[in-house]
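Dear colleague,

I am handing over the structure below, and after it you will find notes on what turned up when I went through it. Please read them with the coordinates open beside you.

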Amino acid sequence: MSRPNLQIALDHNDLEHALADVFKVGEVVDILEVGTILCLQEGQKAIRCVRGMFPNKTVVADTKCADAGGTVAKNVADAGADFMTVICCATIPTMEAAKKEVKELQVELYGDWTYKQAEAWREIGIKQAIYHQSRDALLSGETWGEKDLSKVKKLIEMGFNVSVTGGLDVDTLKLFEGIDVYTFITGRGITAAEDPVKAAEAFKNEIIRIWGQ
Ligand code: 5RP
């Protein structure tokens with residue numbers, strides 16, 4: 001089992017604050033995500049800036065794309081993104097078109113989806129899934145628990161590299177001990193902290209404590 005990556009989600013409303021945070025913590029984390037909110041606000045410009053600041057890091061465009069997969073994927077790849085997300089209800093042709101343009105496509109699991117759909121994603125060669133607790137579900141009282149762990153494990157058994165996200169804090173990580181999580185994605189756990197560098201280091205150290213170097 002390898003050590004899960006740590007990914008920061010830049011879900012800022014403006015580029016200036018996103019760049020200020022990524023400047024501080026970019027070298028601590030493994031993967032840099034231009035989050036959905038920032039993609040909608042600043043688009044390609046945000047991806048170009050993050051890529052320019054960190055030429056050797058993996059950059060994700062969290063577009064949660066539902067349609068026009070090929071065009072959206074070409075645009076984010078041209079700006080420097082390695083990975084891009086599509087929403088799980090996108091059609092297979094949308095996913096296939098997007099997949100051709102980026103290094104790796106990630107399917108974001110929200111709301112209703114089935115393992116039959118997941119098999120179809122594997123059949124077209126998609127390797128990555130993101131298991132998500134939405135902000136709105138968390139706000140309405142959902143918490144991480146066994147129901148999530150069993151779905152994450154099943155997706156891993158199906159051959160996916162599974163990232164986990166949604167309101168994570170350092171204490172949540174130990175729930176996943178013994179599970180081959182690909183990446184933990186956190187936004188506010190780092191960006192809303194009083195000291196984002198210390199917060200990123202705390203996530204990283206907990207990952208190393210549980211999964212080793
Ligand atoms: C929202 C997202 C977020 O980027 C992701 O869930 C991480 O955010 P946070 O840790 O702040 O919940 O994809 O749609």
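Lys 64 has its place in strand β3, which covers residues 58-65. Please keep in mind throughout that this is a predicted model. The phi of Lys 64 is near 45°, a positive value in a residue other than glycine, whereas most residues other than glycine have a negative phi. A second case is Ala 68, which is not a glycine either and has a positive phi of about 55°; Ala 68 lies in the loop that runs between β3 and α3.

For Glu 33, an N or O atom in the side chain is 3.4 Å from a ligand oxygen atom. The protein buries 93% of the 370 Å² that the ligand exposes when taken alone.

**Helix packing**

Two packed helices are described by the angle between their axes and the distance between the axes, and I give both for the two pairs that follow.

Helix α1 (residues 15-25) packs with α2 at an angle of about 35°, the axes being 10 Å apart, and the crossing is right-handed. From α1 the contact takes in Leu 15, Ala 18, Leu 19, Val 22 and Phe 23, while from α2 the residues include Leu 38, Ala 46, Cys 49, Val 50 and Met 53, together with Glu 42 and Lys 45. By class, the residues of this contact are ten nonpolar, no polar and two charged.

Helix α2 (residues 36-53) also meets helix α3 (residues 69-79), where the axes come within 8 Å and cross at roughly 35°, again in a right-handed crossing. Here Gln 44, Ile 47, Arg 48 and Arg 51 of α2 are in contact with Asn 75, Val 76, Asp 78 and Ala 79 of α3. The residues of this second contact divide into three nonpolar, two polar and three charged.

Methods: Residues numbered from 1 in each chain as written. Predicted model: local features only at pLDDT ≥ 70, side-chain atom pairs only at ≥ 80, totals over all residues. Heavy atoms only, no water. Axes fitted to C-alpha atoms, helices over the stretch in contact; angles between N-to-C directions. Helix = DSSP H or I, 4+ residues; strand = E, 2+ residues; numbered from the N terminus. Left-handed = near helix turned anticlockwise from the far one by under 90°. Contact = heavy atoms within 4.5 Å. Nonpolar A, V, L, I, M, F, W, Y, C, P; charged D, E, K, R; others polar. Polar contact = N/O pair within 3.5 Å; in protein donor to acceptor, adjacent residues only side chain to side chain. Areas by Shrake-Rupley, 256 points an atom, 1.4 Å probe, with all protein chains shown as cover.
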